[in-house]
Amino acid sequence: MGLLASAQITTGRILVVDDDQGAREFIVSSLRADGHEVDASGNGFEALRLLGRQCYDLIVSDVIMHEVDGPSLYSAVTSRWPSNPPHFLFVSGLANNSAFEGFLKVIHAPLLPKPFKVGALRRAIKRILQS
């Protein structure tokens, strides 16, 4: 009984936003394997269109993307849904994220550095969805 309780993962509706197709597919397949309902977008504009049609518990977003980056997507989402925005988890392949450290501290969103293992992604998602 204790084993089952500790193995359970809270599932949710998640939007993955990453302009790197390989990273996006890895995240999507990992989350779907855990039972999450997952939609994916290759850019921030498409993500905003999806957000207009569907509510999400969590947005997993790359920090650096063309046109609409992660911080801009976060700002658009929180101004559109100020009372109940979805949670965010940011991912980044940059070795130096110092330009975004202040932003991440202010909004209290976690950052998962790429490349990451499935276990790290699962732990981050579980912590966020259970908060």
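Which residue in strand 5 is the bridge partner of Ser92? The legends below start there. This is a predicted model, in which local features need pLDDT of at least 70, side-chain atom pairs count only at pLDDT 80 or more, and totals for chains, interfaces and linings use all residues. Residues are numbered from 1 along each chain as its sequence is written, and side-chain values use heavy atoms, with hydrogens and water left out.

**View 1. Strand 4 and its partners.** The bridge partner of Ser92 in strand 5 is Pro113. Strand 4 (residues 87-92) and strand 5 (residues 111-113) pair in the parallel sense over three bridges; strands pair if DSSP finds at least two bridges between them. Strands (E, at least two residues) and helices (H or I, at least four) are DSSP runs, numbered from the N terminus. Strand 3 (residues 58-62) also runs parallel to strand 4, joined by five bridges, and here Leu58 has His87 as its bridge partner. Five of the six residues of strand 4 are buried, meaning under 20% relative accessible area, with exposed over 50% and partly exposed in between (1.4 Å probe, protein chains only).

**View 2. Asp39 meets Arg13.** These two form a salt bridge, with the closest N and O atoms 2.8 Å apart; the term means a side-chain nitrogen of Lys or Arg within 4 Å of a carboxyl oxygen of Asp or Glu. Asp39 lies in strand 2 and Arg13 in strand 1, so the pair ties together parts that are 26 residues apart in sequence.

**View 3. Asp34 meets Arg122.** Their side chains meet in a salt bridge (2.7 Å, N to O). Asp34 is buried at 18% relative accessible area, while Arg122 is partly exposed at 34%.
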